[in-house]
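Subject: Structure handover

Hi,

Here is the structure we talked about. Please load it before reading on; my notes follow below.

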Amino acid sequence: MSNDPDRTADRERMLKTIRDLFRLTAAETGLGEAPPAVIEALRGVPRHRFVPPQEQGLAYADMALPIGMGQTISQPYMVALMTALLGVSPDARVLEVGTGCGYQTAVLAELVAQVYSLEVVRPLAEDAARRLAGLGYGNVEVRHGDGHGGWAAQAPFDGILVTAAAPRVPMPLVRQLAPGANLVIPVARGASQVLSVLSREAAGDLHRRDVIPVAFVPMVRT
Ligand code: SAH
């Protein structure tokens, strides 16, 4: 308790900001309200355990923060939005590309049955795996590797969420979508980026919707 102060009030303020932002962006996202299950998932994750010591004061600010190695922990609103756009049910198996510190991974793990996550920077993958296990997330598998190829051995997925921006949508990820599943991915568009949702309809057809401008680190190719 003394090492881990209660941040409940901070977390509730963060959730209120997220709910407000969902209402403000409803026209762009098509989502009027933050889904209650997504809010519950964010409520369950101690974000201060995912940010470095010097950022503890800002752990529940609705901001992206530096986590070292040139990488960031995503803005909580963006984590909530991407999770909501994924549109997955509790029995889903989900692939994440870009584990980073594992915050989005933990939010997904609160919500779905099984999460597979790929991270291209080995020390980040190792730290995140250790952190998630330490917090008791038994339904997460983190692997070091380039996410462009997805995770064929575990495909198809009921949802795929990418947290780094690609110049174009990697086709292996599209192929690893189960019927009815969504791929949520930031895609570079000129000098800026747009958050896109690719949906594989039950009949197999693909549908793409561009949702909102975003700013993610670039997806690295190895
Ligand atoms: N999901 C994180 C945000 C991660 S930032 C969160 O919840 O805060 C994006 C991450 O994608 C970085 O850690 C970066 O190293 C990783 N990344 C970049 N290119 C990648 C690739 N090709 N495959 C897997 N991970 C990649």
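Which residue in β8 is the bridge partner of N182? The partner is S199. That pair belongs to the pairing of β7 (residues 177-189) with β8 (residues 192-200). More on those strands below. Keep in mind throughout that this is a predicted model.

**Overall**

The protein chain has seven helices and nine strands. Its radius of gyration is 16 Å, close to the 17 Å that the globule rule gives for 222 residues, so the chain is as compact as a globular protein of that length. The C-alpha trace spans about 55 × 40 × 40 Å along the principal axes.

**The sheet**

Seven strands make up an open sheet. Their order is β5-β4-β3-β6-β7-β8-β9, and the pairing is mixed. From one strand to the next, the twist averages 15°.

Now the pairings. As background, strands of a sheet pair through backbone hydrogen bonds, either parallel or antiparallel.

- β3 (residues 93-97) and β4 (residues 114-119) pair in the parallel sense, over five bridges. Within this pairing, E96 has S117 of β4 as its bridge partner.
- β6 (residues 157-162) and β7 are also parallel, over four bridges. Here L161 stands opposite V184 in β7.
- β7 and β8 pair in the antiparallel sense, over eight bridges. This is where N182 and S199 are bridge partners.

The hairpin of β7 and β8 has two residues between the strands. In that hairpin, G190 takes a positive phi near 65°.

α6 lies across β4 and β5. Its direction is at about 165° to β5.

**Helix packing**

Two packed helices are described by the angle between their axes and the distance between the axes.

Start with α1 (residues 8-24) and α4 (residues 76-86). Their axes come within 9 Å and cross at roughly 60°. The two helices are therefore oblique to each other. α1 passes α4 in a right-handed crossing. On the α1 side, the contact uses M14, I18, L21 and F22. On the α4 side, it uses P76, Y77, A80, L81 and A84. By class, that contact has nine nonpolar, no polar and no charged residues.

Next, α1 against α3 (residues 36-43). The axes are 10 Å apart, at an angle of about 150°. Angles over 145 degrees count as roughly antiparallel, so that is how α1 runs relative to α3. This crossing is right-handed as well. α1 brings R11, E12, M14, L15, I18 and R19 to the contact, and α3 brings I39, L42 and R43. The classes here are five nonpolar, no polar and four charged.

Last, α3 with α5 (residues 103-111). Their axes come within 8 Å and cross at roughly 125°. α3 and α5 are therefore oblique to each other. Again the crossing is right-handed. A37, V38, A41 and L42 of α3 meet Y103, V107, E110 and L111 of α5. Seven of these residues are nonpolar, none is polar and one is charged.

**Backbone points to check**

Most residues other than glycine have a negative phi, and most peptide bonds are trans. Two places depart from that.

Which two residues are joined by a cis peptide bond? They are A155 and P156, with omega about 0°. P156 is in the loop between β5 and β6.

M69 is not a glycine, yet has a positive phi of about 55°. M69 sits in the loop between β1 (65-68) and β2 (71-73).

Best wishes

Technical notes: Residues numbered from 1 in each chain as written. Predicted model: local features only at pLDDT ≥ 70, side-chain atom pairs only at ≥ 80, totals over all residues. Heavy atoms only, no water. Pairing = 2+ DSSP bridges. Axes fitted to C-alpha atoms, helices over the stretch in contact; angles between N-to-C directions. Contact = heavy atoms within 4.5 Å. Parallel < 35°, antiparallel > 145°, perpendicular 65-115°, else oblique. Left-handed = near helix turned anticlockwise from the far one by under 90°. Nonpolar A, V, L, I, M, F, W, Y, C, P; charged D, E, K, R; others polar. Rg over C-alpha atoms; globule rule 2.2 N^0.38 Å.
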